[in-house]
Amino acid sequence: MFMMQGPNVMNRYTSHQFPALRILMSGQDKYSVVRTLGDAATMLISEWPGDDGEEYVVAVRTCLDAIRGTTPPNAAREALMRAADEAGIRYLSVVH
């Protein structure tokens, strides 16, 4: 079983470092809200329409690095937005 340790482990569950995005996947009537690194990883790995785009691969890698604490969460958010642009997926930044 893979276990993460250290002070950054909980970053994937917090939203203050990952401003929320609303993402409209093709064929869905409503937006999915991505609030955390965990949400981003789940969307990329489980819900993304394809897994062969260059920006998609970078987004997955960056998101996993951010969960490990080796990359800032905002880098994962930016990579997710680039992957969405590449895939023609619309997104909207959520302002609190």
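Which elements do the buried residues of α1 pack against? In this predicted model, the partners are the strands β1 and β2 together with the helices α2 (54-68) and α3 (73-87). The buried set in α1 itself consists of Leu 37, Gly 38, Ala 40, Ala 41, Met 43 and Leu 44. As background for reading that list, an α-helix has 3.6 residues a turn, so residues three or four places apart point the same way.

Now for the strands. β1 (residues 21-24) is joined to β2 (residues 32-34) by three bridges, and the two run antiparallel. β1 is also joined to β3 (residues 90-93), this time through four bridges, again in an antiparallel arrangement. Arg 22 makes a handy reference point for both pairings: its bridge partner in β2 is Val 33, while in β3 the residue standing opposite Arg 22 is Leu 92.

Moving on to the loops, Thr 36 sits in the one between β2 and α1 (37-47). Thr 36 has a relative accessible area of 11%, so it counts as buried, the cut-off being under 20%.

The loop between α1 and α2 holds Gly 50. With a relative accessible area of 28%, Gly 50 is partly exposed. Along the chain, Gly 50 and Ala 87 are 37 residues apart, yet their C-alpha atoms are separated by 7.9 Å.

Technical notes:
Residues numbered from 1 in each chain as written. Predicted model: local features only at pLDDT ≥ 70, side-chain atom pairs only at ≥ 80, totals over all residues. Heavy atoms only, no water. Pairing = 2+ DSSP bridges. Buried < 20%, exposed > 50% of the residue type's maximum accessible area, 1.4 Å probe, protein only. Contact = heavy atoms within 4.5 Å.
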